[in-house]
Amino acid sequence: MTMPGATIIEQDDAERHKREPAGMPALAIDGISHSYGARRALADISFDVRPASFTALLGLNGAGKSTLFSLITRLFGVQRGHISIFGHDIGRTPGEALRLLGVVFQPRTLDLDLSLTQNLLYHAALHGIARRAARLRSEELLARIGLLDRAGHKVRDLSGGQMRRLEIARALLHQPRLLLLDEATVGLDVKARADIVSHVRQLVTEQGIGVLWATHLFDEIAPTDDLVVLHQGRLLAKGPAARVIAESSASDVNSAFARLTMQDSTAWSTGS
Amino acid sequence: MSVTTITPARTGFSASEYLTCLTGIVWREGLRFLHQRERFVSALVRPLVWLFIFAAGFRQVLGISIIPPYETYIPYEVFIAPGLMAMIQLFNGMQSSLSMVYDREMGNMRTLLVSPLPRWYLLFCKLLAGTAVSVLQVYAFLAVAWFWDITPPPWGYLTVLPALFLSGLMLGALGMLISSGIKQLENFAGVMNFVIFPMFFASSALYPLWRVEEGSPWLAMICEANPFTHAVELIRFALYGKMNWISLAVVAGCTAAFMVGAILAYDPSRGLGRRGPGGET
């Protein structure tokens, strides 16, 4: 049932919710391992992202976050294990899986010489969304991120934070139920970072989108978030952030991470 | 909140979704081309320089006998016009592949590859879009060449269109195949030198093959085996409303082979997964 006067996005969201299998994780990573030649980048990684939840994927550079994102988005083929999005296996039914997925990659992926609207329309076309609906959704999303007045401007003229907001809007254009963001705040100032984190959290609470947020910045993680800790391609911890902190006998995410990674390296050095 | 009834997720894609995707990719390629005016100018100037300067210098050196599809003696400019049309497409194909390498390095390529439509279809759309742009460039060249007395029969402008699309697809697919193997933009210049120039000069674009055979039978054999020669001949014949069946077969076969190769090369389970995050697309 849609509310009278609901926007086109809200109406479409309601339709999309009806098609989601009940009780299914938004993202299920099951026993994923990946190697680049002899170098192992990921070793037996398993975790879930629930719908309407914010899951922080925490790891330093080289932890394997980008490799994992490339596997989830099917830029890389899965070598071992399974990845499914709302029950759709990314290897067997990639179209169905990718249809439910929105992605913001770490490097900027906007076309700088096209306008904001043109970038959004191009993305809509890649998802087979008809021009009229695409235009309506674009306007609505640009209004939400406060960039409607710059719709016809070239992306090149935007600030870093505005580009990120536009990338998030673009990732939402086809109404995904799962949103992946790979280090989306890197290179932004404190205010722009805070704006983006709060915008994404709003998407979780208001639209019920499952979010996997890869970061190496501890202050972006709230105690209520789900947390997945990756280190050198290995999964060190997963679960609610508060529990991970408690089980690590730490006071916050920062110290929990330090303890986890230190334990891990100690274990390696002792050969256990 | 509990949900008791579930509408099954829609599977597959409708014809209109495929069409929307195709038009979107072509539209974006057209926009990019319009924004890069210098690319259009250089694409036009290059063959015109060959036509105005090179051909003027060589017309007295190279005599052209009557060879099909021509039915009378023709000036050298008329002979090389189809070769220059194919040259536009060759450069455009390599330019497209260069932009694919650039897009891959900059990350733009990811937006294309994470689209839910089948990857082979996305790559085909990309190829078709690049070909459409190259065909527009060829017609712009023909419009200018008309003032230089390159005046094929009026229907030739129409009959050459399918040939241009096929040859454009072949050269674009070759470029795509090459781009899949290039990890860094810096490596591209070397590849250009090893692909564009040998392909162009070892072909019938600038001189008829019987002339080459007189000088070097070996080189003539290489020229015969060069797919670009057949693209030139296909265009040459089509421009006069005729068909060169051998060239058609070679160009169609090479188009299919290069396209399959490019699709396999961009298949995540075959090519991309072997690279590290820095080399991903």
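Which pattern does chain B follow when read along the sequence? In this predicted model, the order of elements in chain B is α-α-α-α-α-α-α-α-α-α-α. The secondary structure of the chain accordingly comprises eleven helices and zero strands. Chain B contains 281 residues, of which 43% count as buried. Among its contacts between residues at least 6 apart in sequence, 78% join residues at least 24 apart.

The largest nonpolar core comprises 149 residues. The residues with the most contacts inside this core are A:Leu178, B:Met170, B:Ala173 and B:Ile235. Helix H3 of chain B (residues 76–106) gives the most to the core, contributing 15 residues. For A:Leu178, when residues up to four places away in sequence are not counted, the contacts are A:Ala26, A:Leu27, A:Val49, A:Ile85, A:Leu100, A:Leu101, A:Ile209 and A:Gly210.

A contact between helices of the two chains was also examined. Two packed helices are described by the angle between their axes and the distance between the axes. The crossing of H4(A) and H1(B) is left-handed. On the chain A side, A:Gln118, A:Tyr122, A:Ala125 and A:Leu126 take part; these residues of H4(A) meet B:Thr20, B:Cys21, B:Thr23, B:Gly24, B:Ile25, B:Arg28 and B:Leu31 in H1(B). By residue class, the contact of H4(A) with H1(B) consists of six nonpolar, four polar and one charged residue.

Definitions and conventions
Residues are numbered from 1 along each chain as its sequence is written. Chains are lettered from A and ligands numbered from 1 in the order in which they are written. This is a predicted model: local features need pLDDT of at least 70, side-chain atom pairs count only at pLDDT 80 or more; totals for chains, interfaces and linings use all residues. A crossing is left-handed if the near helix is turned anticlockwise from the far one by less than a right angle, and right-handed if clockwise. Helices (H or I, at least four residues) and strands (E, at least two) are DSSP runs, numbered from the N terminus. Two residues are in contact if their C-beta atoms, placed from the backbone, lie within 7 Å. Ala, Val, Leu, Ile, Met, Phe, Trp, Tyr, Cys and Pro count as nonpolar, Asp, Glu, Lys and Arg as charged, and the others, Gly among them, as polar. A nonpolar core is a set of buried Ala, Val, Leu, Ile, Met, Phe, Trp, Tyr and Cys residues joined through C-beta atoms within 7 Å. A residue is buried if 20 or more other C-beta atoms lie within 10 Å of its own, exposed if 12 or fewer, and partly exposed in between; C-beta atoms are placed from the backbone.
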